[in-house]
Amino acid sequence: MAKNLLIVESPAKAKTIEKILGKDFEVKSCFGHIRDLQKEDMGVDIQNNFQPTYIIPQDKEKVAKELRSAAKKADEVWLASDEDREGESISWHLAELLNLNVDTTKRIVFHEITPKAIKNAVANPRTINMNLVNAQQARRVLDRLVGFELSPVLWKKIGNKTSLSAGRVQSVAVKLIVDREREINNFLTQSTFKINGRFVANTNNKKAQLKAEGVKEFKEIQSAKQFLETCFNAEYTITNIEVKPGKKQPSAPFTTSTLQQEASRKYSYSVSRTMSLAQKLYENGHITYMRTDSVSLSEQAQDDIKQVIVSQYGKNYYQKRHFQNKNESAQEAHEAIRPTYMENKTVGDSETQKLYDLIWKRTMASQMADAVLEKTIVTIEISTNHTNLIAQGEVIKFDGFLSVYFESTDESVDEDLEDDSKLLPPLHIGQKLDLQFLYAEEKFTKPGARYTEASLVKKMEELGIGRPSTYAPTISTITKRNYVEKKNKEGVERLRRRLKLNPKNIIEVDDIIEKTGVEKNKLIPTDLGLVVTDFLNTHFDIIMDFKFTAKIEEEFDEIALGKLKWHKMIDLFYRPFHDTIEKTIKTAERASGERLLGTDPKTGKVLVARMGRYGPMVQLGDSKDEDKAKFASLQTGQSIETISYDEAMMLFNLPRVIGNYEGDEVKINIGRFGPYALHQKKFYSLSKEMNAYTVGLPEIIDLINTKRTDAENKIILDFETEGIQVLNGIYGPYIKQGKSNYKLNKKLYPEPKNLNIETIQSIIAEQNQNPEKPKPKKFRKKA
């Protein structure tokens, strides 16, 4: 039996570390948190300095029992949970569970799982840092108080939905998304006409194309046309060439948030997927700890990076750099996210290789020389009106870090700027250029883009909301609560006008149809998210204040540094917060997000859009009137805030009879599972291309006949008298009787069409007597 028991958070990490430490150590996993706040009475004693009451969750009782047993057999117990505050808290909970002395129990930390790091940690243990434990405990207690007191207010004032919840970080995250959505909805697009030209430069008997942009803008198409008319018979002459040297510097190595952002931009990874892959890389010893807000690199890591850069690229590509942490209290870990061994470019696992490659390149680039650029600005004068056009080009004189890595951005590239980085042909002052076309193109102003998961993390970090360990869970929570949806926007078509002047002094007018507003994987608030946010803004403005939320995070940092007592910080927050809860319950009206759309001229009834018990809906008339009000649910893509009067009135057109087929009427309606057609008591789901409000009889007849043909092809045997069929399913043939299905063993019955009714009935009887037990679902335990 090993003398030492070392406890880590995840089983994967346990296996790796046990191999490193050898037979003197038994390494076990606690599978993450071993204790949690009890739910009864919030698990917090408000009258006793907010003392928490912890319990062992039912799903952790077996793990707890195994750890207690192992601890009794060991001469010494070592705690090696993750090195952030949450990990420190887990170590403390383990000490409490196993009756260990907090002041003497050995606690080790490491930010990479390598033999050197693990052995060094064992050689230099410390004790549990109670300041870090208290900081995490303060976060947990505060979030429990906010969630348990605020969520029931939402149930009472918005709807009897126990799925509704509010939280200190999640609610402001939703507010960010709601505010951006409203900015977009309220944005008034304006158009201007911008001048740009396409030219041909004749140099050394070679022709090269050149693109130039005008400085002038025109609000009206007529003004733009008048300007082009002043360019008739003009000469285009280069009057100045300016060459500017420039440099581009590499970004710092990855923190949690910057890794999440870049993985989203480059690979479209969700925040949770990035963290899952990073966790796997860390536990297998490939990268350093992945929850960090530090950009520092150890001296040893810098030396290793230097060796790789010099050997692979040369001395002139190396430049030692020290990056400054933006967060002065960057306590989450000691280093940035980097490979543990820089000489390893692969990890032997296709699932994690792309993310590892990204981390490797970013780390390498952070210690490489600047890229040296040369930017050329060419001024072209139009002789007839002395207006200037500008052509720009950029040349990379020395690629430096760009030979390894180029950082992506959240901003979309303007089509007009795509050529800016292209080389310019050899040019000289006084040179005449041949005009191909001079354009006056209509350009439209655009609102800010909707948030992606990555850009939301970036914004939260800028505002100081949350910490590395909270970003992914926050986004997961607001999505699960149906406050936010991750969706694509198809965009809408619009007309863009363009005037084109050719060398023959002819101005042509082009009408270009383009799609605008196309977006992928964007976070969009639901109507529920909008209503909840408005309610919280009205009654709990301090909770929704970005600065206040950031201040709370700073106070957690102070607790972690031992500068602030955690229960005093909670007390200062809780007393006024609880008073607001009491006041809101007594005085606040129910919130529904009601929006007046207009009045029906036929009936004089008022039409409103609002949240109902089962979701967003429209209502025609007052429910108190003698003549009952009409209700209709909003359809996918519709919102209380943007639905128009006409769109809302159309929702009352269902169910609608669109005609007769085979002597029976065909009715269109929308049910629980979407739009459908009803004919001869049979239901036919409409295809995605069909609109329930506009689809016609010919389309539905085709749908009915197609479904019938499919059903006929599906039938192998049909015993009408007994009400039994043998059908072809997606997993092979099966028996159907009423609403029950029965399996057919392929080995015993390879030819189902040859079965008789007696055999089929015996199969049914046997399976009814010995029904299959459903297989238990497997859940992956989070480390």
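**Aromatic pairs.** I searched the whole predicted structure for aromatic pairs and found 14, where rings of Phe, Tyr and Trp (its six-membered ring) pair if their centres lie within 6.5 Å, planes under 30 degrees apart counting as stacked, over 60 as edge-to-face and the rest as tilted. I looked up Tyr 54 and Trp 92, which form an edge-to-face pair at 6.0 Å centre to centre with 75° between the planes. This pair links distant parts of the chain, 38 residues apart, with Tyr 54 in strand E6 (residues 54–55) and Trp 92 in helix H3 (residues 85–97); helices (H or I, at least four residues) and strands (E, at least two) are DSSP runs, numbered from the N terminus. Both Tyr 54 and Trp 92 are buried, where buried means under 20% relative accessible area, exposed over 50% and partly exposed in between (1.4 Å probe, protein chains only).

I then noted Phe 199 and Tyr 236, a tilted pair at 5.1 Å centre to centre and 55° between the planes. Phe 199 lies in strand E9 (residues 191–203) and Tyr 236 in strand E11 (residues 236–248), so the pair ties together parts 37 residues apart in sequence. Phe 199 is buried, at a relative accessible area of 0%, and Tyr 236 also counts as buried, at 3%. I recorded a cluster as well, in which ring pairs link Phe 540, Phe 548, Phe 573 and Phe 577.

**Charges over rings.** For these I required NZ of Lys or CZ of Arg within 6 Å of the ring centre and within 35 degrees of the ring normal. Arg 180 lies over the face of Tyr 451, 4.5 Å from the ring centre, and the charged end of Arg 494 sits over the ring of Phe 444, 3.9 Å from its centre.

**Backbone.** I found a cis peptide bond joining Leu 654 and Pro 655, with omega about -5°.

**Provenance.** Residues are numbered from 1 along each chain as its sequence is written, and side-chain values use heavy atoms, leaving out hydrogens and water. In this predicted model local features need pLDDT of at least 70 and side-chain atom pairs count only at pLDDT 80 or more, whereas totals for chains, interfaces and linings use all residues.
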